[in-house]
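Subject: Structure for your files, with notes

Hello,

Please find the structure below. My notes on it follow.

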Amino acid sequence: MELWLVWIVAGFALAIAELLSGTFYLLVIGLGAFAGALMAWMGFNMLVQAAVGGAVAIGGAIWVHSWHVRQKSGDQQSNFLDRGQPVVLEGWANESANLARVKYRGTSWDARVAQGTRPSPGTTLYIEGQEGNTLVVVAAAPPSR
């Protein structure tokens, strides 16, 4: 089998695997394999093929990583659809640490109540954000986006 064809098969295998992961890293590594295939088709030796394929793959991985970092550095709550939704304070889990249990969507959730607020059980609070599985709640509804 021709060497350029091996590179092509590897590139397609990586591109197909990318469809399962959705991170774009395998796609740019696959593009590196296609670059190696081009070098093989043009008649360059294996060292040049690997160097060009590796450079494209590494450059693409760095670009994808920086893109992911830029996406995360923006407003982390911009797509948080629960923001502003009312919850009912069920009780305090640890009042001194501002940790409580709230009723939301028919179930109990852990919540962190904003500093300086000491609502009593049964009070309606509003979701401002989320930290892992813990809702961040405030006494007044947060401003709309």
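Helices (H or I, at least four residues) and strands (E, at least two) are DSSP runs, numbered from the N terminus. By that numbering, W4 lies in helix 1. This is a predicted model, so far as its source goes: local features need pLDDT of at least 70, side-chain atom pairs count only at pLDDT 80 or more, and totals for chains, interfaces and linings use all residues. Residues are numbered from 1 along each chain as its sequence is written, and side-chain values use heavy atoms, with hydrogens and water left out.

Two or more patch residues come from each of helix 1 (3-21) and helix 2 (25-41). Helix 1 gives the largest share, 5 residues.

V48 is placed in helix 3 (residues 46-73). V48 is partly exposed because its relative accessibility is 29%. From V48 to S66 there are 18 residues in sequence and 27 Å in space, C-alpha to C-alpha.

Strands and their core

The largest nonpolar core has 12 residues: F80, V87, L89, A100, V102, Y104, A111, V113, L125, I127, L135 and V137. Two or more of them come from each of strand 1 (86-94), strand 2 (99-104), strand 3 (107-113), strand 4 (124-131) and strand 5 (134-138). Strand 2 gives the largest share, 3 residues. A nonpolar core is a set of buried Ala, Val, Leu, Ile, Met, Phe, Trp, Tyr and Cys residues joined through side-chain atoms within 4.5 Å. In soluble globular proteins, nonpolar side chains tend to be buried together.

Beyond its neighbours within four places in sequence, V137 is in contact (heavy atoms within 4.5 Å) with V87, A111, R112, V113, A114, L125, Y126, I127 and E128.

Strand 3 pairs in the parallel sense with strand 5 over 3 bridges, and A111 stands opposite L135 in strand 5. Strand 3 also pairs with strand 2, in the antiparallel sense over 6 bridges; there K103 stands opposite S108 in strand 3. Pairing requires that DSSP find at least two bridges between the strands.

Two loop residues

Which residues does N98 touch, not counting those up to four places away in sequence? They are W92, A111, R112, V113, Q115 and R118. N98 sits in the loop between strand 1 and strand 2 and counts as buried because its relative accessibility is 4%. N98 is not a glycine, yet has a positive phi of about 65°.

R105 is in the loop between strand 2 and strand 3, a hairpin with 2 residues between the strands. R105 has a positive phi of about 55° although it is not a glycine. With a relative accessible area of 60%, R105 is exposed.

Regards

Notes: Buried < 20%, exposed > 50% of the residue type's maximum accessible area, 1.4 Å probe, protein only.
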